Amino acid sequence: MSAATTNAALRPTEPFPLPSDLSLVRRLKLLLSFSRADLSVSPVDEWQLKSALLAFLRNPPLSLSLVQDSDLSVSRLPDLQKRRRDDPVASGILYVRDLSFLHPSNRKGDDGAKEMTQEKEEEKYLQWRSSLVEKLAGIELNLKGVMYQMSVEIPAFDDFKAMKKSWEDFYASELVSIRNPVRKIAKRPDTILVRGVPSRWFAETRISSKASTLVTHTIFSALGKIRTLNISNDDEFGASKDGTNKGLISGLNCKVWVQFESYDDFHNAMNALCGRSLEKEGSRLKVDYEVTWDSEGFFRNAQYEPAQPKLEERDAPVHGRRKHYTPRIESDHRKRFRD
């Protein structure tokens with residue numbers, strides 16, 4: 001599928017099909033932060049905080065009745081005694097997955113369904129997203145006399161326009177730093193990094209649970225023409241700082257670097273992956289991966305990485321002691337010429 005076809009097929013209210021029975025489904029992810037709005041020092045009740053926020057979301061004026069309990073998570077931050085009064089005491093993540101209310105065909109008596117183009121539908125979604133963030137930012141929740149103020153943020157990897165501006169500013173700054181005017185050639189990114197996808201979804205069925213290069217190449221080829229890719233385990237994805245999920249099995253998730261042949265394919269692949277979840281037919285799991293562009297030149301650094309000298313391998317410790325080797329020329333000099 002070409003980049004132009006991919007871009008034309010993207011609609012906020014419709015899933016984008018991928019090979020291996022996978023699909024990209026648009027959803028809204030918001031990062032929440034809760035701070036105390038009064039002088040209370042009572043402990044944070046996560047369950048009450050979540051219940052109060054769900055009630056606010058499901059009732060007017062927001063009326064997000066389709067938000068499930070599992071779409072909202074609230075967790076208390078550690079070391080509350082060491083925090084300043086203005087610091088957050090809890091954090092959360094909110095998902096709005098059902099966006100069918102944005103589609104005009106779902107409204108009775110609406111004749112604008114046929115006239116709604118992909119561009120207009122995308123613009124309508126962005127306006128709704130901005131409006132929702134404005135309504136949620138700064139609200140106060142009263143939990144039995146304890147006041148909490150909430151702040152809202154869209155993750156950087158979910159905002160395509162902000163991410164595009166970041167790589168344009170990055171390469172513009174590199175262009176300015178080059179003193180030689182002859183070498184001033186505008187560069188553009190071509191590699192994406194996707195983290196937190198299940199390895200078994202990218203594996204060969206009934207053969208292995210590890211991600212396969214062939215299957216992964218087939219899946220991402222639906223987004224554009226690929227030059228090369230790399231797969232590795234992503235055991236650090238989603239790991240908490242306090243180490244509570246330290247015992248997770250290694251290899252469950254993987255991260256994928258994908259380098260595309262052209263900037264247009266890269267651009268449209270980023271647009272397709274931003275702000276979406278990965279779903280598989282027959283599975284209830286919704287994978288909320290992270291996607292970003294490669295600013296470190298992963299494939300360029302791997303190509304020009306110098307080989308390790310063999311002498312370092314010979315200097316490995318033997319029985320707890322490091323064995324030293326003398327070059328042959330120096331040893332011959334000692335044998336033939338003694339001081």
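Leu 18, Leu 22, Leu 24, Val 194, Val 197, Phe 202, Ile 219, Phe 220, Leu 223, Leu 273, Leu 278 and Tyr 289 line the largest cavity of this structure. The model is a predicted one. Searching the whole structure turns up two cavities of 30 Å³ or more.

**The largest cavity**

- The volume of the largest cavity is about 90 Å³.
- Its lining consists of twelve nonpolar residues, with no polar and no charged ones.
- At least two lining residues come from each of three elements: strand β2 (22-26), strand β8 (191-198) and helix α5 (213-220).
- Rolling a probe the size of a water molecule over the atoms shows where empty space is left.

**Glu 121**

- Glu 121 is part of helix α3, which covers residues 118-136.
- Is Glu 121 buried or exposed? Its relative accessibility is 2%, and because buried means under 20%, Glu 121 counts as buried.
- Leaving aside residues up to four places away in sequence, Glu 121 touches Arg 11, Pro 12, Thr 13, His 103 and Met 116.

**Ser 51**

- Ser 51 sits in helix α2, residues 46-58.
- Ser 51 has a relative accessibility of 30%, so it counts as partly exposed, the class between under 20% and over 50%.
- Which backbone oxygen does the side chain of Ser 51 reach? The side chain of Ser 51 reaches that of Trp 47, at 2.9 Å.
- Between Ser 51 and Val 74 there is a separation of 23 residues in sequence, and their C-alpha atoms are 9.9 Å apart in space.

Terms used: Residues numbered from 1 in each chain as written. Predicted model: local features only at pLDDT ≥ 70, side-chain atom pairs only at ≥ 80, totals over all residues. Heavy atoms only, no water. 1 Å grid on protein atoms, 1.4 Å probe; cavity = no way out; pocket = protein on both sides within 12 Å on 5 of 7 lines; lining within 4 Å. Points joined across faces, edges and corners; volume = space filled by probe spheres on them. Helix = DSSP H or I, 4+ residues; strand = E, 2+ residues; numbered from the N terminus. Nonpolar A, V, L, I, M, F, W, Y, C, P; charged D, E, K, R; others polar. Buried < 20%, exposed > 50% of the residue type's maximum accessible area, 1.4 Å probe, protein only. Contact = heavy atoms within 4.5 Å. Polar contact = N/O pair within 3.5 Å; in protein donor to acceptor, adjacent residues only side chain to side chain.
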